[in-house]
Amino acid sequence: MKLFIDTGNIKEIEALATLGIIDGVTTNPSLMAKESGDYRKQMKEICRIVQGPVSAEVLATDYEGMLREGRDLATIDEHIVVKVPLTRDGIRACGTLSREGLKVNVTLCFSAAQALLAAKAGASYISPFVGRLDDVATTGMTLVQEIVDIYRNYPFSTEVLVASVRHPIHIVEAAKMGADICTCPAKVIDACFKHPLTDIGLQNFIKDWEKAQQGARV
């Protein structure tokens, strides 16, 4: 399973990219609003760092506006993936942009029926929001399983990109289900490194080695 970082913060991206575990980046207007500086330059720098798919979202809600913005975003860098919402106009824009050879990430997916429409429109990625479903007392990962099962039945090329990830359990469950990608905030990826037994074991190894060295010097 590929691992994307869900952020617009260049420092966070650089810190994780150096570990060699990040395959791409997803951004949205809310994330980018937190960052200062020129938007296009920021997106270009993110693409340079990651050298993988980088989702940049349109702000328009109408078909013509999405096409105009999507085409413009795609000129920033070859790694840009145009992100559109799962609406009627979004699905229509996805179909047009996909036929033009652009990669499209259809976002804000909350049902398997929506995911089916995105795949039929030629989306490169579908982004089910698992955390937001959990927030309204619905098991978000059930949706991921439904989408994975449906896509396996047909020759769709759409990749399942699990979004709105809140904790490492979401990542593990997505991997077990066979999702293609999980996109996570930096803090969630950082949490994957942590386990008390790892810390205790490392401390014990160091202490045992130091004791052995002290005994050798006696």
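Predicted model: local features only at pLDDT ≥ 70, side-chain atom pairs only at ≥ 80, totals over all residues.
Me: Which class of accessibility does Ala-137 fall into, and why?
Reply: Ala-137 has a relative accessibility of 75%. The class exposed begins over 50%, and Ala-137 therefore counts as exposed. Ala-137 also has a positive phi, about 65°, although it is not a glycine. Its place is the loop between helix H7 (130-135) and helix H8 (140-152).

Me: Why is Ile-21 called partly exposed?
Reply: Ile-21 has 30% relative accessibility. Buried requires under 20% and exposed over 50%, with partly exposed in between; Ile-21 is therefore partly exposed. This residue sits in the loop between helix H1 (10-17) and strand E2 (24-26). Together with Leu-19 and Phe-193, Ile-21 forms a nonpolar surface patch with about 280 Å² of accessible area.

Me: How do you know whether H1 and H3 are roughly parallel or roughly antiparallel to each other?
Reply: H1 and helix H3 (residues 39-50) pack at an angle of about 5°, and their axes are 10 Å apart. Angles under 35 degrees count as roughly parallel, so H1 and H3 are roughly parallel to each other. On the H1 side, Ile-10, Ile-13, Glu-14 and Ala-17 make the contact; on the H3 side, Gln-42, Glu-45, Ile-46, Ile-49 and Val-50 do.

Key:
Residues numbered from 1 in each chain as written. Heavy atoms only, no water. Patch = residues over 30% accessible without salt bridge, like charges linked within 9 Å, V, L, I, M, F, W, Y side chains within 5 Å. Areas by Shrake-Rupley, 256 points an atom, 1.4 Å probe, with all protein chains shown as cover. Salt bridge = Lys/Arg side-chain N within 4 Å of Asp/Glu carboxyl O. Helix = DSSP H or I, 4+ residues; strand = E, 2+ residues; numbered from the N terminus. Buried < 20%, exposed > 50% of the residue type's maximum accessible area, 1.4 Å probe, protein only. Axes fitted to C-alpha atoms, helices over the stretch in contact; angles between N-to-C directions. Parallel < 35°, antiparallel > 145°, perpendicular 65-115°, else oblique. Contact = heavy atoms within 4.5 Å.
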